Amino acid sequence: SYGPPTENNQYLFNGDFVDRGVWGPEVLFTLFCMKLLYKNAVFLNRGNHESELCTDVYGFKTHLACAYPRSHEEMHRLVHDTFNQLPLCYIVGNEVCV
């Protein structure tokens with residue numbers, strides 16, 4: 001069902017949050033906020049785009065620099081520190097979600 005995240009209405013975002021256009025930083029920070037607000041109902045999986053190579057090649061690093069010119073280098077490092085903590089998969093209903 002749709003609606004706000006709850007323990008009975010959980011959301012799993014299956015990676016590749018970034019490199020989807022100029023709003024990439026805002027999309028990522030929205031997902032981070034959702035995870036903070038709904039820690040038991042929102043889950044984030046790391047995709048292949050959550051790597052330094054992909055964020056450099058596909059534009060996220062540039063979009064971050066345009067959106068946050070004064071602090072983009074530190075933000076880029078912190079974002080990747082966070083990506084490195086994300087799981088690569090979850091088990092949902094006895095099925096592995098990668």
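How many bridges join strand β1 to strand β2, and do they run parallel or antiparallel? I looked this up first. The model is predicted. Four bridges join the two strands, and they run parallel. I noted the residue ranges: β1 covers residues 11-14 and β2 covers residues 42-45. I then picked out one pair. Asn 14 has Asn 45 in β2 as its bridge partner.

Next I looked at helix α1, residues 24-37. Together with β1 and β2, helix α1 makes a β-α-β unit. I wrote down its hand: right-handed.

Then I turned to the cysteines. How many disulfides does a search of the whole structure find? I found zero. A disulfide needs the two sulfur atoms within 2.5 Å. Cys 97 is in no disulfide either. For Cys 97, the nearest cysteine sulfur is again that of Cys 89, at 8.6 Å.

Last, I looked at two helices. At what angle do α3 and α4 pack? I noted about 135°, with the axes 9 Å apart. Because of that angle, α3 is oblique to α4. Helix α3 covers residues 60-67, and helix α4 covers residues 72-83. The crossing of α3 past α4 is right-handed.

Note on methods
Residues are numbered from 1 along each chain as its sequence is written. This is a predicted model: local features need pLDDT of at least 70, side-chain atom pairs count only at pLDDT 80 or more; totals for chains, interfaces and linings use all residues. Side-chain values use heavy atoms; hydrogens and water are left out. Two strands pair if DSSP finds at least two bridges between them. A crossover is right-handed if, with the strands pointing away from the viewer, the path from the first strand over the helix to the second runs clockwise. Axes are lines fitted to C-alpha atoms, for helices over the stretch in contact, and angles run from 0 to 180 degrees between N-to-C directions. Angles under 35 degrees count as roughly parallel, over 145 as roughly antiparallel, 65 to 115 as roughly perpendicular and the rest as oblique. A crossing is left-handed if the near helix is turned anticlockwise from the far one by less than a right angle, and right-handed if clockwise.
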